[in-house]
Amino acid sequence: PEAEKIIDGKAIAATIREEIKVEVAELKAKYGKAPGLAVVIVGNRPDSQTYVRMKRKACDEAGIVSFHKEMPEDCSEEDVLQVVRDFNADPDCHGILVQLPLPKHMNEEKVLAEISLEKDVDGFHPLNIGKLSMKGHEPLFMPCTPKGCIVLLERSGVDLKGKNAVVVGRSNIVGMPAALMLMKKDCTVTVVHSRTKDPADICRRADVIIAAAGSAHMVKKNWIKKGAVIIDVGTNSVPDATKKSGFRLTGDVDYDEAIKRADMITPVPGGVGPMTIAMLLSNTLDSGRRSIAN
Ligand code: NDP
């Protein structure tokens, strides 16, 4: 039955958050200190505000201390850099998250590179990405969304070794790190992007597909090998007259058709989305443990 094929990201993320809560409590009991996460938000984009609120609530529930820094849209890049430096120096803060996108007059890469390597819980620092790509090296942190995809596969019992994996998308925050992580897990990885010739043919050879293109339903039924496992990162807003808001969220995969061919698949919403926050908490816990238990 199709229901058994669904990878329930919401449930897996909830389990992980419970596990984190227990470990945070143990750290606190043993060392009298909990991990701390600083969240920096610049400007008042409603979507960013929502994400930040969700992250802070998740911290509270797990017993992780969260420091909130809200800055006006018209502040300077130097102001943001100074806030990052202050958190870099704060021993109670073990992770720093700068909510993206930043206002256009700021250089995002410069701000992200200012975050101390040891507190880079988003895993976007060039050195952490570099280590992810090197044999014999491990990054201190891995980016949360692609890490969430890998954990979903592992917790669903998928053996990745030697599998053909296709990642659709090559962005710095999802596609590229997802491909590197799959390679580290001994997959044979192919990356599909906007210049790829015949993406359907490439996807049809995949045992595992991670779809992160941001293009609604681009991965069709006849792109999928029977028995493939599909992780759908896409979060696309499409018009839906039956919804009060007038739209609904949908993935990069034609789910209703794909579930008939795939062995396992993540829904949107309720698949990768909830895992991103769980991985942020997990990275913060790792960082806190490294610092507190030392
Ligand atoms: P980007 O727009 O930065 O990257 C999209 C990538 O997909 C690019 O590499 C692009 O190729 C490729 N691509 C786009 N269209 C096609 C196409 N038609 N055929 C082949 N390749 C294509 O997006 P992100 O990586 O930031 O995000 C991807 C999706 O994941 C989005 O829907 C986003 O909302 C979602 N997302 C979900 C998260 C979550 O659930 N927590 C977190 C982050 C993202 P090229 O490089 O050639 O331009």
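Numbering starts from 1 along each chain as its sequence is written. Because the model is predicted, local features need pLDDT of at least 70 and side-chain atom pairs count only at pLDDT 80 or more, while totals for chains, interfaces and linings use all residues.

Let's start at the ligand. It has 26 residues around it, and G169, S171, S194, G214 and T276 come nearest; a residue is near if its C-beta atom, placed from the backbone, lies within 6 Å. Helix 10 (residues 272-292) gives the most to this shell, three residues. Helices (H or I, at least four residues) and strands (E, at least two) are DSSP runs, numbered from the N terminus.

| Class in the shell | Count |
|---|---|
| Nonpolar (Ala, Val, Leu, Ile, Met, Phe, Trp, Tyr, Cys, Pro) | ten residues |
| Polar (the others, Gly among them) | 14 residues |

Contact means C-beta atoms, placed from the backbone, within 7 Å. Leaving out residues up to four places away in sequence, A211 touches V168, V219, I230, D232, V233, G234, G251, D252 and V253.

Last, strand 4 (residues 164-168): four of its five residues are buried, meaning 20 or more other C-beta atoms within 10 Å of their own, with C-beta atoms placed from the backbone. Strand 4 pairs with strand 5 (residues 188-192) in the parallel sense over five bridges; pairing takes at least two DSSP bridges. N164 sits opposite T188 in strand 5.

Conventions. Two residues are in contact if their C-beta atoms, placed from the backbone, lie within 7 Å. A residue is buried if 20 or more other C-beta atoms lie within 10 Å of its own, exposed if 12 or fewer, and partly exposed in between; C-beta atoms are placed from the backbone.
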